[in-house]
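Q: I have a model open and would like to talk through it piece by piece. Can we begin with one residue and then widen the view?

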Amino acid sequence: MTKKRKHQEDFQKVKFKVGKKKPKLENATDTTFKTKAIQIPEQLKEDGVLPTQNRKLNIKDLLSQMHHYSPGVKHNALLGLKDLLSQYPFVIDAHLSNIISEVAAVFTDKDSGVRGAAVHLLQFLASKIRAEQIAPFFPLVSAHLSSAMTHISEGIQEDSLKVLDVLLEAYPALLTDRSIILLKNFVELISHQQLSKRLKSREKLSWMLSVNPNRRVTSQQWRLNVLTRLKKFLQAVVDGSSEIEDEGLQEQKDSPHSVRNPICISWKVHANNQQHIQLFENGGLRPKINSSFRLRSLASVMDSAEKGLSSAENLKGFIEIIIPLLIECWIEASPAQSAPILGNLLESESQQLMQQVLSIIHLLWKLTKRHDETYKMELWLRMNYLVDFKHYFMRHFPYSLQETVKHKKKDSCKGNKYCMTSSNSVDHLLLNLTLCDIMVSLASTATLQMDSGWLDMIRKFVTDTLQDGSKLNSKQVNRLLGVTWRLMQIQQNKGATEPLIKAVYTLYQQRNLLFPVRTLLLKFFSRVYQKEDLRTQRIRSRSKVLSRWLAGLPQQLALLGLRNPELSNQLIDIIHSAASRSNKELLQSLQATAARIYDPLDGALVLLPAEAQRRLVQLVYFLPCLPASLLACLSRCCIMGRMSSELAATLIGILHMRSSFAGWKCQVQDNSVNDVDYFSFLFSTLIGFSREELTDLQGIRGKPHISQTQLSPVRLYLTDLDQFLHHWAVTEMICHSLSTIPSQSQCFDILQTGICKYLVGLVVIPDSTAGSVLCAINKLLDQACILSENLHKFLASCCYSLLYFLLTLDKEDAEHVQKRDMLWASCISALALLPRLLRLMLQSLQVSRICREELPVVAQLLRLLMQHGQLRSHMITNEFLVQQIIKDIMTLKSGEVQEQWLTDLHYCFNIYLASHPQGPGPINAVY
């Protein structure tokens, strides 16, 4: 029994003796270990890849804090991001996607401080990120913006407008790509949908203005804020459309498919077969292709939502929604019915709201013109909205700003308790002009009688404003002239248009007008003149005011000069356009003012830039008469170098076409250019210097301006290279004009008389003048021409002086070296054409009168003359003279060692002249 009990016991109790330690358990933990601290220095260093800001946070840390639940942490993260990105701009490109997504996500944050910091950060990023960089991520930004604009929280809606301002300023084109969604958001910000009770079907929804008393601002102020952004958005849409023309002075469409695409052609290049002009049957911006085959355009694949306001259907739908809401806003802001004493006076805030309403309608009207090729949209707008516009908009027209009453200090008012002061923050005139622009766009010639009542109100307002418009700015004048032009198109009879033109001319006569204002007025008058000139002669009724304006343009150009080159260019273009149409009043005024315009000292021709000079030179062709005084001014303009040589050549060509030597088959205007005056112009321009300038040159002595030799009575005045090249280019055109005169012998006699009268006897002559005279002689000389003895001697002296100057020219003198080829060719041609000229020059080489330093120059000249092929026969004829000169040189050099130049002279003489059978042997005669 005992053994059985022991076998059944699984756990036996261990008995411990008293005083003995308790044995350790098998699973006991040993707590006798020691610990040591582990230090890793790399953990204390900053991240070497990502830069950090002052709080030692990098871009990843800051972006991760954007998801924190605490508004303070998110606010600090946004501030830290701005600080980091301003210090390290390259981080933006590396983490652009994350930055954009995180910043856009907090547009709808509950905390206003976080949203404000996000707006500031977005504004900073907009200045650093280009449009093409942010374009891939802009749909996400636009989606968050739409979420913020349609959020239930009023604060988020208000801040969404600030985000919209930043995006409109930086990325207008990207924002307008999602125009349909954003336009619907604008509508929902100020209104809500309501089922129309008048409609039996519940398919169509109407919109009505909403009022939210929980906003921090009044309902009117909130609508003003929203409509201001809507106006900016629509302006961006209009600016992004290349087909929309400028407001105000925009061209009216002559036909639905009229296209003007000018081709720039350089006729000078084209005449030389260097420019190929290819004309297409269907050119322009909108080619008309008469083909049954059509390629599917990308626009046809897009649905109406993606097209946005570029779709006529979408635009018409948005107009149907927004116009009733805008009219409701206008009714709330317009003068109250119960206060007739106020009349049409408006408070500042009300006028701002009304201005935004009209601006939005005006922009929508501009967008409709893009789709209105057949004027269907214009008829639709008139049919649907003209009645409401007349009833609400024109009811209190014109509007003016109500003066605000402010309490002033006693010392400033001096006894008056209240003073009236006007606010300058709004422009009531622009409000009226925008309204006029909207209304006149709904009128036409066909509806003139029906609209005569309110059109007369607008016409009277425009006339009064123009007559008292000295303080108008360019924006107001642009809108004002646009309305004026539209009124003139609606009613085109002289009785209606003449008062409007007279009112514009009254404004034009005002002094100290701003340059943009003056430019707009010039464009307006130019368009009116061109429109009037397009009418047939039978129905044309010339406006007296317009004729008076045209007649005053040349005088304004003469007075303006260089003070405003841009305005001068505009005046020149208008004058040129009227002169080409043979406007009698303008041509008479241009004739009377021509002497001042073409004055060589301070006239517009020499003061304005090259392009303006070209247009002024072209005007010379249209002048009724070219008297001697004007030709003298034109000659001075050609030779003074204040316009290019190409332009001077053009002027000479124009004068030749006006002369009797142009070879016109039809009868030209009598006495336009007198023959004597024409020859005087050609000779004066050929000489290149006036009589007074030539007289002043006679007193100049010595180098570096004078080149002189003891064998010639003519000393050369060395001109500057630029002056020389300009004079030479003009000389070539003068020679061409002289060569086209039929009677060459008479022309040569006139030239010979002028040279003998004005140049022969002068001691100092410019090198360019001497070369030009020789060039002209070479061009005109023929067998029938007979030169006088005085001219022969003068030309011989000029030839030797020029040749001596060229032979003594220092090779390092780069300025005068470039003259060598032109002057040498002129001298050689003259000597080859006139054998007597060569003989006289050889006879003048009396070496006994010169110093020894000039002997090598004479020897070199003789050697070059003998070597020249054109002169060889003439040199053989004058062999005895050459032999005598060489003999005289040998006499002066007798008893000295023979130098190399003398040896070369002997060699050339033996080769070219001594071998000729005529005359005695040269070597024997010399030695």
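Q: Is Gln53 buried or exposed?
A: This is a predicted model, and in it Gln53 is buried, since its relative accessible area is 5%, which lies under the 20% cut-off for that class.

Q: Where is Gln53 found, and what does Gln53 touch?
A: Gln53 is found in the loop between helix H1 (2–8) and helix H2 (59–65). Leaving aside residues up to four places away in sequence, Gln53 touches Leu62, Gly80, Asp83 and Leu84.

Q: And how are Gln53 and Gln87 separated?
A: Along the chain they are 34 residues apart, while the C-alpha atoms of Gln53 and Gln87 are separated by 8.1 Å.

Q: Zooming out, what does the secondary structure of the protein come to?
A: There are 45 helices and nine strands, and of the 927 residues of the protein, 45% count as buried. Among the contacts with a separation of 6 or more, 74% are between residues 24 or more positions apart.

Q: Switching to H35, which of its residues are buried?
A: The buried residues of H35 are Gln744, Cys747, Phe748, Leu751, Gln752, Gly754 and Ile755. They cover an arc of only 165 degrees around the axis, and therefore sit on the same side of H35.

Q: Which residues are exposed on the other side of H35, and what covers the buried ones?
A: Gln746, Thr753 and Lys757 are exposed on that other side, whereas the cover over the buried residues of H35 includes helix H32 (675–687), helix H34 (721–739), helix H36 (767–780) and helix H37 (789–807).

Q: How far does H35 reach?
A: Helix H35, residues 744–758, has 15 residues and reaches 21 Å from its first C-alpha to its last, close to the 21 Å expected at 1.5 Å a residue.

Q: New topic: in what order do the three strands of the open sheet run?
A: The order is S7-S8-S9, with mixed pairing. Strand S7 (706–707) and strand S9 (764–766) are the edge strands, each pairing on one side only. Strand S8 (residues 715–717) pairs with S9 in the parallel sense over three bridges, and Tyr717 stands opposite Pro766 in S9.

Q: What packs on the sheet?
A: H36 packs on the sheet, touching S8 and S9, and its direction makes about 75 degrees with that of S9. H37 also packs on the sheet, touching S7, S8 and S9, with its direction at about 65 degrees to that of S8.

Terms used
Residues are numbered from 1 along each chain as its sequence is written. This is a predicted model: local features need pLDDT of at least 70, side-chain atom pairs count only at pLDDT 80 or more; totals for chains, interfaces and linings use all residues. Side-chain values use heavy atoms; hydrogens and water are left out. Helices (H or I, at least four residues) and strands (E, at least two) are DSSP runs, numbered from the N terminus. The expected span of a helix is 1.5 Å times one less than its number of residues. Buried means under 20% relative accessible area, exposed over 50%, partly exposed in between (1.4 Å probe, protein chains only). The arc is that of the directions from the helix axis to the C-beta atoms. Contact means heavy atoms within 4.5 Å. Two strands pair if DSSP finds at least two bridges between them. Axes are lines fitted to C-alpha atoms, for helices over the stretch in contact, and angles run from 0 to 180 degrees between N-to-C directions.
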